[in-house]
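This report walks through selected features of one model. Please look over the sequence and structure first.

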Amino acid sequence: PNFTGVMDPNQYVVPDASSTGIDNGAVGPVLGIFDSLSAQTGFPADQLRYLVCLIALVPLSLPFRALPSPALKHAFSIVLGILMCHFTLGPYTWLHSLGTSTVCYAILSFLPHGTAHPLVFAFMLGHLSFSHIYRMYTDWMGWSLDFTGPQMILTIKMTMLAFNYYDGHNAHKQKEERSYQKEHKIQKLPGLLEFYGYVYFFPSFLAGPAYEIKDYLALMDGSIFKGDNEAKTNFPLWPALRVQLQALAMMPVVILSSSVFPISFLTTPAYAALPFYERLLRVWLHVAAARWKYFLGWYLAEAGFVACGAGYNGRDKKTNKILWNRSTNSYPLSVEFPENVRQAVENWNIVTQGWLKNYVYLRLAAMGYKTFACSIATYTVSAFWHGFYPGYYMLFVFAGIFTELAKSIRRKIRPRFMKADGVTPAQPGKFVYDVMGTIATAFILNYAGAAFIFLALEPSLVLYPQLYWIGHVLVAIGYVVVTVLPTPKNQPTQRGAAPRAAPATSSPATAKANEATAAPGDVISPKNK
């Protein structure tokens with residue numbers, strides 16, 4: 001890299017989806033078909049297999065739902081999850097999930113309550129961290145798919161299970177038990193067949209989202225449907241296909257993200273030669289375009305959840321139509337055009353955000369830590385979960401600071417655009433405030449998200465000087481303003497006077513998490529394969 005201002009693309013090329021480091025020769029001759037397609041299309045063979053597995057979730061859910069007993073469904077899920085892992089990621093990659101999950105089960109079975117759940121958390125995050133470091137050593141800046149993707153999902157599952165089991169035996173010792181804890185705590189560990197069925201649950205094993213153990217067991221015995229025979233007996237073909245078609249409609253954006261809006265362009269001399277306003281716009285467009293491959297994967301996985309019944313979420317109170325949004329993991333428009341940081345967080349990688357909130361942030365808050373310490377600790381866990389490339393930490397430290405600034409702005413500036421009761425908007429000022437907030441939030445998050453996608457430090461040190469570090473400067477100015485600005489008097493006098501409702505189509509995890517103070521989560525695209 002040339003740190004005088006531009007980067008020679010021949011010296012450093014940002015990784016894209018054009019390379020794969022997985023040797024699939026031992027998996028079987030059938031994989032030659034994907035190698036041939038990869039040669040013809042330029043799309044990596046491992047990602048083609050990954051895409052095929054996600055699309056196949058809907059038809060594979062049909063025999064799953066037809067099985068007559070929970071035991072057969074557990075066995076089906078185990079076999080299918082292992083086969084998909086073997087087919088997509090390579091021979092014996094599923095042994096990582098088998099080994100780590102077995103260790104967790106042993107810890108929960110034999111160690112005392114109060115000791116087991118933090119040990120499971122430390123073990124799973126430690127193993128995942130070591131795996132990330134090993135991957136960095138063997139495949140620096142590589143984007144080939146490997147076992148670390150499923151391990152990221154499994155880390156969430158095992159830690160949720162550990163805390164649920166702890167809550168089931170220690171609720172009486174906690175000063176305040178939230179409703180989310182009450183709904184998900186368990187009194188006893190699942191049997192081994194149930195446990196490994198949960199580990200390899202086929203709609204979520206490769207791409208997520210993670211699923212609470214209590215919801216999984218309710219799906220297997222049919223109690224998740226709560227007497228709704230129509231949802232229980234009829235295969236939701238159209239709801240599943242609708243989500244799948246929405247995912248496939250994202251394909252053009254995903255293709256354009258690598259051809260028309262490649263992230264590597266932001267470090268080239270051609271980018272540096274653009275007018276300043278166009279450089280600002282390009283950062284926004286290129287980072288946003290890179291994010292849509294995650295939407296694509298999550299929507300395909302959600303279609304599998306809907307088809308197998310795991311997406312069932314009761315009925316709409318007004319229309320009485322069945323809701324299938326229990327496993328929704330993102331709302332793209334709310335991420336791309338958020339009114340504030342909280343809205344972006346709550347609608348991006350929803351289940352991971354809920355895990356960070358319910359099992360990290362709020363647990364630390366209950367122990368008496370201040371909100372800023374809880375925010376920084378939560379972002380740190382999120383960064384460890386993603387890996388150890390410098391770009392992750394550049395984003396999460398910046399995002400933690402920006403989150404606290406957003407809270408101060410909402411407390412000190414937003415009331416100035418409200419009427420005296422602190423609840424009713426004062427128009428047109430409030431409308432202008434909302435528009436400016438959306439533009440500022442979206443730009444800052446995309447600006448910071450470039451570092452995340454770059455992974456390495458060098459390209460960020462080339463890009464940000466070209467923008468005069470404008471995002472960092474604006475945040476610094478914002479802190480000065482909210483520090484000297486007095487708090488207005490027209491704020492709600494009671495906590496919850498102007499409650500924030502969960503998004504109308506948010507997941508149960510998000511809705512329950514909104515009971516409490518907002519916590520940070522994944523703000524910009526995680527490398528959640």
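## A buried histidine

Leaving aside neighbours within four places in sequence, H286 is in contact (heavy atoms within 4.5 Å) with V260, F261, P262, I263, F265 and L266. H286 lies in helix α15. Helices here are DSSP runs of H or I with at least four residues, numbered from the N terminus. H286 has 0% relative accessibility, so it counts as buried. Buried means under 20% relative accessible area, exposed over 50%, and partly exposed in between, with a 1.4 Å probe and protein chains only. A polar atom of the H286 side chain lies 2.8 Å from the backbone oxygen of P262.

## Basis of the model

This is a predicted model: local features need pLDDT of at least 70, side-chain atom pairs count only at pLDDT 80 or more, and totals for chains, interfaces and linings use all residues. Residues are numbered from 1 along each chain as its sequence is written, and side-chain values use heavy atoms, with hydrogens and water left out.

## The nonpolar core

The largest nonpolar core has 131 residues. Such a core is a set of buried Ala, Val, Leu, Ile, Met, Phe, Trp, Tyr and Cys residues joined through side-chain atoms within 4.5 Å. L108, V120, M158, F201, Y271, W355 and L463 touch the most other members. Helix α15 (residues 276–308) gives the most to this core, with 17 residues.

Beyond its neighbours within four places in sequence, F201 contacts S77, K157, Y211, Y216, L219, M220, F305, C308 and A310.

The axes of α7 (residues 148–170) and α9 (residues 192–199) come within 10 Å and cross at roughly 140°. The two helices are therefore oblique to each other. From α7, L154, K157, M158, M160 and L161 make the contact; from α9, F195, Y198 and V199 do.

In helix α10 (residues 213–221), the buried residues are I213, D215, Y216, A218, L219 and M220. Their cover includes α3, α4, α7, α8, α9 and α15. G222 follows α10 and has a positive phi, near 85°.

## Loops and backbone

The bond from G208 to P209 is cis, with omega near 0°; P209 sits in the loop between α9 and α10. Q427 and P428 are also joined by a cis bond, with omega about 5°. P428 is in the loop between α20 and α21.

K226 is not a glycine, yet its phi is positive, about 50°. K226 lies in the loop between α10 and α11. At 72% relative accessibility, K226 counts as exposed.

Key:
Axes are lines fitted to C-alpha atoms, for helices over the stretch in contact, and angles run from 0 to 180 degrees between N-to-C directions. Angles under 35 degrees count as roughly parallel, over 145 as roughly antiparallel, 65 to 115 as roughly perpendicular and the rest as oblique. A polar contact is a pair of N or O atoms within 3.5 Å; within protein, one must be able to donate a hydrogen and the other to accept it, and residues adjacent in sequence count only if both atoms are side-chain atoms.
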